[in-house]
Amino acid sequence: MRYSQMFIPTLKQSPADAEVVSHKLMVRSGMIRQLAAGIYSILPIGVRVLRKVEQIIREEMNRIGGQEVFLPSIQPAELWQESGRWDFYGKELLRLKDRNNREFCYGPTHEEVITDIVRKEIKSYRQLPLIVYQIQTKFRDEVRPRFGIMRGREFMMKDAYSFHTDIASTEETYEKMKQAYSNIFKRCGLDFKMVEADSGSIGGSHSHEFMVLADSGEDAIGFCDACDYASNVEKAAAKTPAPVTPPNALQKLKQVPTPGHKTVAEVAEFLKIPSRKIVKTLVFETEQGLIAGLVRGDRQINPVKLKNLIGCEWLKPAPESLITSQTGLPCGFIGPVGLDMKVYADHEVAQMYDFVTGANASDSHFTGVQTTRDLKIEKFGDLLRVAAGDPCPQCPAGTYKIKRGIEVGHVFILGTKYSEEMKANYLDADGKEKPMVMGCYGIGVGRTAAAAIEQNHDERGIIWPPAIAPFQVLVIPVNYADEATRSASDKTYQTLLDMGIETLLDDRPERLGVKFNDADLGGVPLQIIIGPKNLKEGQVEVKSRKTNASELHDFPAVLEKVPQILEGL
């Protein structure tokens, strides 16, 4: 393509609302423009990048037997009511009615639609397993859309679904998907980690996220510095503490005044004890009523782990007004001794003795609390949000490191959650009807491109990994009006095109500084700079966008070396 014929509206300044690098650079380089909050138009340069990501995804999905489909984005409410998600999904689900007053939604995902198709068409075990995928526009009415296309309301997603006769077959496909995803993100040039994850509202059992490491990531991931273990902090397991033998002479339970001291830090300082000798009681609201979670005073509770331990549908911190109205207890002084609600405790609490808790009375705490003697615990479990330096749960020597990550892919084993609700059954070899076992697998296409920018940029602009760059080579004439320069530039452009190399020729009548600024902003991996002075010596300048290193090469002999140079970038 010739630059003069392309629509690339670059900007010198970043939009005022852009918070992360990818948002700023995608707007400035002319990839996207905002239409409404969280809704973006993708311009030609952006489309070229997204098509590269899509092609890599298609190749890897096809390699493991996936078959591409294209499903409707508008879905009837009946399917979502049948699966039980119409009311559960909440306000993120964009609902609408047609002219006949029938209810629909704009699909945020397609489990219901594909399950409806499969239950009508698949009848026998001989037709399974089946893997289908699509690359389709989704819509989720985010409360706070931000970060450009990284967390938009409308977005492009690859979603795949697999159907099986049993869990063993599902797990086999799950492993293939994990490998395919690893291949996709490696080919896109990303530094990523596959981490254990919570399944969230989509349901299911096994779940892994693919996280691109970046300071701008919304999610925190914990990974071992000695082995391959990695997990989203919502899921990251804490190592079970070793058993502790308490002394023979345990303290007696005693209520002590702590006037005005509510927080762990305040109580620890007032009583002259370390915060690890305090157990804090956090009250949560669930559909089952109020419950309490206990963790050591120097620890943070993980609400996702608590929700999973209880087995409730939803869980959120209880507001003080609700706690006071329902229990009559003073917030800030609540403790588990004699507490009239179900109490769940972290494993570390089981190994504690002679500790301090709230006394369920204003301005007072209990000292000398013993877990086995004084507390009634509904269930113990891992309730901790792991922290940097915590021991790895899977190897003896490793410790946790915590970094930020951008989720670009997520794989689930759904089991029979949807097939049972929607009666997606098959006949086995004995003629018995059984529910299909399902898996689902998603990749954010635009998010993958944005994550690549978050990892690959400098103060001048984007540094595209070659595999997903909009062009591989940018030809920059120093003065296109000069006859010799124009002839050499045109020859370079046409020769590279004939070699199958995607090339952009900057034939604009702009100052050289403008061309260089736009070249670095757009991030094409290889620049070939052609000017009269070097041409007189039979040479052109070849520059790497990534390293900013440039060398003079003989012209036109260098053109035959371009594929080799690109491979080395």
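Start by selecting Arg 63, which you will find in helix 2 (helices are DSSP runs of H or I with at least four residues, strands are runs of E with at least two, and both are numbered from the N terminus). You are looking at a predicted model, where local features need pLDDT of at least 70, side-chain atom pairs count only at pLDDT 80 or more, and totals for chains, interfaces and linings use all residues. Residues are numbered from 1 along each chain as its sequence is written, and side-chain values use heavy atoms, leaving out hydrogens and water.

Is Arg 63 buried or exposed? Its relative accessible area is 57%, so Arg 63 is exposed (buried means under 20%, exposed over 50%, partly exposed in between, with a 1.4 Å probe and protein chains only).

Next, show Lys 176. Between Arg 63 and Lys 176 there are 9.8 Å in space, C-alpha to C-alpha, although they are 113 residues apart in sequence.

Then select Phe 185. Leaving aside neighbours within four places in sequence, Phe 185 is in contact (heavy atoms within 4.5 Å) with Leu 190, Phe 192, Phe 210, Val 408, Gly 409, Ile 443 and Thr 448.

Finish at the open sheet of 3 strands, ordered 4-6-5 with antiparallel pairing (two strands pair if DSSP finds at least two bridges between them). Its edge strands are strand 4 (74–76) and strand 5 (94–97), each pairing on one side only. Strand 5 is joined to strand 6 (residues 103–106) by 4 bridges. Select Arg 95 and you can look for its bridge partner in strand 6, Cys 105.
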